[in-house]
Amino acid sequence: MSSIAVNSGLNRTTTFYQSVVGKKVVMAVTGFVLSGFVLGHMFGNLQLFQGREKLNHYAEMLQSLGGLLWFVRFVLLSAAVLHVTAAFQLWRLKNEARPQAYVKKAHIATSYAARTMIWSGPIVGAFLIYHILHFTTGQALGDQFIKGDVYHNVIVGFQNPAASFFYIIANILLAIHLYHGVWSMFQSLGVNHPKYTPKLKTMAKVYGWVVGIGNVSMPLAVLVGLVK
């Protein structure tokens with residue numbers, strides 16, 4: 001492939017991203033990647049309810065992926081950065097185009113993620129930092145951290161009411177964002193029809209509830225002593 005063809009492709013990609021439609025598509029695609037990870041990660045962590053051996057075996061399986069695991073982490077981090085960046089740029093473009101807010105206006109679903117980036121960004125960052133410090137490096141647990149014993153680390157971490165409270169609040173906000181974000185994703189990709197939109201909206205709501213309840217159930221179970 002010649003350098004001219006490569007440069008031409010890069011120019012087309014850059015031009016597409018600079019448009020509002022391009023930024024919305026980037027948000028939709030990266031949102032799909034991140035949403036899939038959130039769901040898969042939740043189901044994996046729910047093995048907490050099956051006991052120490054089950055959860056630790058799951059963690060060992062992930063670590064055994066080696067380079068593939070780091071590649072997945074790189075993809076997720078890149079998706080998160082692109083998602084938040086596109087959201088911020090859409091929010092800024094909207095403010096520049098409409099410096100004075102309307103007295104009354106109806107927000108379309110495709111603008112929701114951009115309007116809520118001010119807290120969706122910190123949520124993504126907080127989860128990333130929390131999981132690294134809790135499960136990977138152990139600084140969040142200090143001397144109580146046991147490398148390789150994920151079950152123990154989860155229990156000890158969630159026995160701290162402050163940590164559990166933060167986790168619960170963050171997941172409630174995440175569930176709300178997922179509900180509107182998943183619906184926005186379909187609209188950004190052109191899936192917008194009177195026949196399908198109500199069903200997609202219901203599906204997005206169910207998705208948000210499932211993720212929210214699943215993630216919140218773990219710190220609650222530890223706090224009340226159901227899992228110990």
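A residue is called buried when its relative accessible area is under 20%, exposed when it is over 50%, and partly exposed in between (1.4 Å probe, protein chains only). By this scale, buried residues account for 39% of the 228 residues in the protein chain. The model is predicted, so local features need pLDDT of at least 70 and side-chain atom pairs count only at pLDDT 80 or more, while totals for chains, interfaces and linings use all residues. Residues are numbered from 1 along each chain as its sequence is written, and side-chain values use heavy atoms, with hydrogens and water left out.

The protein chain holds nine helices and zero strands, where helices (H or I, at least four residues) and strands (E, at least two) are DSSP runs numbered from the N terminus. Along the sequence this reads as α-α-α-α-α-α-α-α-α. Contact here means heavy atoms within 4.5 Å; among contacts between residues at least 6 apart in sequence, 70% join residues at least 24 apart. The accessible surface of the chain, from the Shrake-Rupley method with a 1.4 Å probe and, for residues, only the protein chains shown counted as cover, comes to about 13,700 Å². Carbon and sulfur atoms contribute 69% of that surface.

Part of the surface forms a nonpolar patch. Patches consist of residues with over 30% relative accessible area and no salt bridge, with nonpolar side chains (Val, Leu, Ile, Met, Phe, Trp, Tyr) joined within 5 Å and like charges within 9 Å. The members are V29, F32, V33, M61, L65, L68, F71, V72, F74 and V75, which together have about 890 Å² of accessible area. M61 belongs to helix 3 (residues 52-63) and is partly exposed, at a relative accessible area of 37%.

Helix 2 also packs against helix 9 (residues 197-223), at an angle of about 40° and with the axes 10 Å apart. Axes are lines fitted to C-alpha atoms, for helices over the stretch in contact, and angles run from 0 to 180 degrees between N-to-C directions. The crossing of the two helices is left-handed, meaning that the near helix is turned anticlockwise from the far one by less than a right angle (clockwise would be right-handed). On the helix 2 side, S35, G36, V38, L39, M42 and N45 take part, meeting Y207, V210, V211, G214, N215 and M218 of helix 9.

The whole structure contains one salt bridge, defined as a side-chain nitrogen of Lys or Arg within 4 Å of a carboxyl oxygen of Asp or Glu. This bridge joins the side chains of D149 and R52 (2.8 Å, N to O). D149 sits in the loop between helix 6 (117-136) and helix 7 (150-158) and R52 in helix 3, so the pair ties together parts that are 97 residues apart in sequence. D149 is buried, with a relative accessible area of 15%, whereas R52 is partly exposed at 41%.

Two further residues round out the picture. H57, also found in helix 3, is exposed because its relative accessibility is 54%. A140 lies in the loop between helix 6 and helix 7 and counts as partly exposed at 46% relative accessibility. Leaving aside residues up to four places away in sequence, A140 touches L133 and H134.
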